[in-house]
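Please look over the model shown here, with attention to its chains and to how they meet. The report is meant to be read beside the sequence and the structure.

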Amino acid sequence: MRAATWHGTKSVHVEEVPEPKILNSRDAIVRITSTAICGSDLHLYNGFIPTMKRGDILGHEFMGEVVELGSGVANLQVGDRVVVPFPIACGNCAQCERENYSLCENSNPNAWMAEKMWGYSPCGIFGYSHMLGGYAGGQAEYARVPFADVGPVKVPEELSDDQALFLSDIFPTGYMAAEACNIEPGDVVAVWGCGPVGQFAIASAYLLGAERVIAIDRFPYRLRMARNRAGATDTVNYAEVDVREALDALTGGRGPDSCIDAVGLEGHAPGLAGAYDKVKTTLMLETDRPIALRQAILACRSGGTISVAGVYGGFIDNFPMGAIVNRALTIRSGQTHVQRYMRPLMQRVRQGQIDPSFVITHRLRLDDAPGAYDMFNNKDDDCLKVVLTP
Amino acid sequence: MQYGDDTVEETIALPIALGVFSLVLGAAALVRPRGLARLIGALPDGRTTTILQASGARELASGIAILAQPKEAKWLWSRVGGDALDLATLARSARGEGPNRTRLALAAIAVVGVAALDLLAARSLSASDAAVDAQETGEQAITVKAPLEAVEAGWEQWCASRYARLASNYVVRFEPAPGARGTEVHLAGGGSKSTIREELRRFKQQLETGEISVSDGPGPRMPVEVR
């Protein structure tokens, strides 16, 4: 079968690879009909995530048709149309029982590797390095889905692939970030990063009752989408204005009640602040560039919430811990417990409260993956979200 | 229970002294190679000063490494190697006309004395490294979400079906976890820390999910093969 594979920093190929097989009794094989490139795939593309090997199949946002089932999967049938959550979770362990699916204790066969690297292991994730399980990804014609009795959700006919696909990751991710803010009437929520997760965080904050949602980015096309499609009331272009001053002005000096970091480890900033982390990461003195996170902590109103949806991989410095203590801020974070949100969010889509397909800017063939990665990484052609069809 | 070791301070006193000695000697050799050559009785010619400056740079590097990581045996072993080199150099310097053989002999005695201290420090650090390794293989624990009886029965089955040698190689202890958190499995015995952890993780997977999850492709292998 054809699959998009990783071959080093900024090198993605599409090549013939062996088809997946059932390896555990709770596996399913899915013939993929739609798959997307996620912003977090760019961290792999840019070489930020260790333990990738040449030839690893990429992708963790996908959906398709069940073509084969292991003997332990009773809730699905061959022919079912399903969307697959990116975290792999057993459904049996103490964390799964609490619906903390991304903390599953049993789904990472290479947990020892993650423990060696980080000192702990999260759940297994499709197509996201060997230390997160070495599972093949979904940017391919077929994928093996472990614990298929827990993860995949059947998609009703009335929903198109474009409407259902993002339940695999970015819609729940943006939603969980907004939910973590415990939004109350009158709240102002600021969102750093208007990539796909940021767009869904904005839309979700609005769905959850925020009074105003402020979108922060440096690309005018992303800020336009945030305002026109996701529902942001205000936008701040950090390349042109000082973010802290703009937020103070927009909130009467209070600061936003909640701040969502939808940027993660590859943050940018103009001038010295941006150069500092660029130098430190280049010298391997820190692994991530926490520029948005620092801004969010300093800008948030006292007693407010910082919700981190962006991916961080390792270690950061100049972390303003004093501001967290002195201003009694709450930090919420976590890889998304996608399985917890898929059904309720699918319900919102069916009811017409939101159409997740608004983030799609490019529809391409799987064979176009190398160019698509390049385009998405460079933000060429106003690229925000690429959907690939095998 | 007590975790940690309160004898570490004593173990690193000698390495730190040797590190400081390295720095002083290294600096002297780098800055005043001719003076040092005369002191040890060698001819202060160009060749000798070059050799002394090279040794000085090596001593400085050793000193910095030891002071930065005074618990690392390898830096002390590097000093032992340096001592051997120094003795060889002194022996070479004694050849031909001109060198003061009495002073060279005294220098050699001094080097042998320091080498003995280096050896002592290196060996005692290596021994304490081994002690730390042994501690690390001491005991690992995991919590399995099942009642005590089920976990005990499961462990017996696990040992019987897959790991016949397990029962004899390891000491296992079960304790109910507080609240409804299941059962703690404490496992101690031969093998590295990661081997024991992997054993526990697989047992937990088997008991909680009914099987052991398998990766798709061949990835990097665990450095210590399980079992």
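This is a predicted model: local features need pLDDT of at least 70, side-chain atom pairs count only at pLDDT 80 or more; totals for chains, interfaces and linings use all residues.

The sections below take up the contact between two chains, then the make-up of one chain, and then two places in the other.

## The contact between chain B and chain A

Chain B brings 22 residues to the contact, while chain A brings 29 residues. Between chain B and chain A an area of about 2200 Å² is buried, and 45% of this area comes from carbon and sulfur atoms.

Five salt bridges are counted between chain B and chain A, and one salt bridge joins B:Arg197 to A:Glu115, where the closest N and O atoms lie 2.8 Å apart.

## The make-up of chain B

Chain B contains eight helices and three strands, and, read from the N terminus, its elements follow the order α-α-α-α-α-β-α-α-β-β-α.

Of the 227 residues in chain B, 35% are buried. When contacts in chain B between residues at least 6 apart in sequence are considered, 70% of them join residues that are at least 24 apart.

## Strands 11 and 12 of chain A

In chain A, strand 11 (residues 188–192) pairs with strand 12 in the parallel sense, and five bridges connect the two. Within this pairing, A:Val188 stands opposite A:Arg212, a residue of strand 12 of chain A.

Strand 12 of chain A covers residues 212–217, and because five of its six residues are buried, the strand is largely enclosed by the rest of the structure.

A:Ser307 lies in strand 15 of chain A, which spans residues 305–308. Its relative accessibility is 2%, and A:Ser307 therefore counts as buried, the cut-off for that term being under 20% relative accessible area.

The side chain of A:Ser307 reaches the backbone oxygen of A:Ala177 at 2.8 Å. Leaving aside residues up to four places away in sequence, A:Ser307 touches A:Ala177, A:Ala180 and A:Cys181, together with A:Cys259, A:Ile260, A:Asp261 and A:Arg332.

How values were computed
Residues are numbered from 1 along each chain as its sequence is written. Chains are lettered from A and ligands numbered from 1 in the order in which they are written. Side-chain values use heavy atoms; hydrogens and water are left out. Contact means heavy atoms within 4.5 Å. Buried area is the accessible area (1.4 Å probe) that two parts lose on being put together, summed over both. A salt bridge is a side-chain nitrogen of Lys or Arg within 4 Å of a carboxyl oxygen of Asp or Glu. Buried means under 20% relative accessible area, exposed over 50%, partly exposed in between (1.4 Å probe, protein chains only). Helices (H or I, at least four residues) and strands (E, at least two) are DSSP runs, numbered from the N terminus. Two strands pair if DSSP finds at least two bridges between them. A polar contact is a pair of N or O atoms within 3.5 Å; within protein, one must be able to donate a hydrogen and the other to accept it, and residues adjacent in sequence count only if both atoms are side-chain atoms.
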